[in-house]
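Take a look at the model below.

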Amino acid sequence: MGNLRGWEILVIVGVIILLFGAKKLPDMARSLGKSARILKSEAKAMKKDGEAEDAAAATAAADQSAQQPVAPRTIQAAPGDVTSSRPVSEPNRAAQG
């Protein structure tokens, strides 16, 4: 493709004009431009929809976690050792600061 000379490019352009006709080329270019704009706007809309869904999911998860009571966490015992399971004591953040 990089080895095309000026006359070869002119031949290619001439063949395109013969195939599609000089009257149809501007319409085809206009149609291609409209299609590109539509594609760009749809891509932006999909991106905004994805961001909105992510924000809604995060809000729903925060609401759900606020409504559920917090169960005490436990340290799991080694397999076969059921006597060493005990509650985890969370550090008191107010006492530290």
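**Charge and nonpolar surface**

Asp49 has a relative accessibility of 48%, and therefore counts as partly exposed. The model is a predicted one. Asp49 sits in helix H2. On the surface, Asp49 gathers with Glu51, Glu53 and Asp54 in a patch of negative charge.

Now turn to charge pairing. Side chains of opposite charge can pair when their charged atoms come close. How many salt bridges does the count come to? The count comes to 1. The side chains of Asp27 and Arg30 meet in a salt bridge, at 2.8 Å from N to O. Asp27 and Arg30 are 3 residues apart in helix H2, which spans residues 24-67, so about one helical turn separates them. Asp27 is partly exposed, with a relative accessible area of 44%. Arg30 is also partly exposed, at 47%.

The nonpolar surface comes next. A nonpolar patch on the surface includes Leu4, Trp7, Ile9, Phe20 and Met28. Together, the residues of this patch have about 1,100 Å² of accessible area. Which helix gives the most to the nonpolar patch? Helix H1, residues 6-20, does, with 10 residues. Ile9 is found in helix H1. Its relative accessible area is 44%, so Ile9 is partly exposed.

Terms used
Residues are numbered from 1 along each chain as its sequence is written. This is a predicted model: local features need pLDDT of at least 70, side-chain atom pairs count only at pLDDT 80 or more; totals for chains, interfaces and linings use all residues. Side-chain values use heavy atoms; hydrogens and water are left out. Patches are made of residues with over 30% relative accessible area and no salt bridge: like charges are joined within 9 Å, nonpolar side chains (Val, Leu, Ile, Met, Phe, Trp, Tyr) within 5 Å. Accessible areas come from the Shrake-Rupley method with a 1.4 Å probe; for residues, only the protein chains shown count as cover. A salt bridge is a side-chain nitrogen of Lys or Arg within 4 Å of a carboxyl oxygen of Asp or Glu. Helices (H or I, at least four residues) and strands (E, at least two) are DSSP runs, numbered from the N terminus. Buried means under 20% relative accessible area, exposed over 50%, partly exposed in between (1.4 Å probe, protein chains only). Lys and Arg count as positive and Asp and Glu as negative; His and the chain ends are not counted. The place of a charge is taken as NZ of Lys, CZ of Arg, CG of Asp or CD of Glu.
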